[in-house]
Amino acid sequence: MKKSMLAILLSLAIASSAWAQSLTDGLVTKVDASSGKITIKHGPMKKFDMNDGMTMVYRAQDSAMLQSVKAGDKVKFDAENVNGQFVVTKIQKDQ
């Protein structure tokens, strides 16, 4: 029983670490909650073949996520291309 619990905890730690590593570092420059948009200055995003950092305006997948960040916050985030628009799907303040 102890070995299986340890294996589960180890699997969760690895999954959490992999999720965190897939996030992009960024700096929030503007939050427009009324339109559901956030502007983030970020580094390269390999998944979109963006080899240079840039500042982009993203739609928030859920406008509630915009309540947890403000301009000047360092964040880690993930985005997807949905019908030609870049959408933030996950965001967390960087510790």
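Start with Ala79: it stands opposite Val88 in E5. Those strands are E4, residues 74–82, and E5, residues 85–93. They pair in the antiparallel sense over eight bridges. Pairing here requires at least two DSSP bridges between two strands. Strands are DSSP runs of E, at least two residues; helices are runs of H or I, at least four; both are numbered from the N terminus.

A word on the source. This is a predicted model, with residues numbered from 1 along each chain as its sequence is written. Local features need pLDDT of at least 70, side-chain atom pairs count only at pLDDT 80 or more, totals for chains, interfaces and linings use all residues, and side-chain values use heavy atoms, without hydrogens and water.

Now the fold. One helix, five strands. The order from the N terminus is α-β-β-β-β-β. The five strands form a closed barrel, E1-E2-E3-E5-E4, with mixed pairing.

Next, Val75, in strand E4. Buried or exposed? Val75 is buried, because its relative accessible area is 0%. The cut-offs: buried is under 20%, exposed is over 50%, partly exposed is in between, with a 1.4 Å probe and protein chains only. What does Val75 touch beyond its neighbours within four places in sequence? Its contacts include Thr24, Val28, Val69 and Ile91. Contact means heavy atoms within 4.5 Å. Gln92 is also on that list. Val75 and Gln92 sit 17 residues apart in sequence, yet 5.5 Å apart in space, C-alpha to C-alpha.

Last, the whole chain. Of the 95 residues, 29% are buried. Take contacts between residues at least 6 apart in sequence: 48% join residues at least 24 apart.
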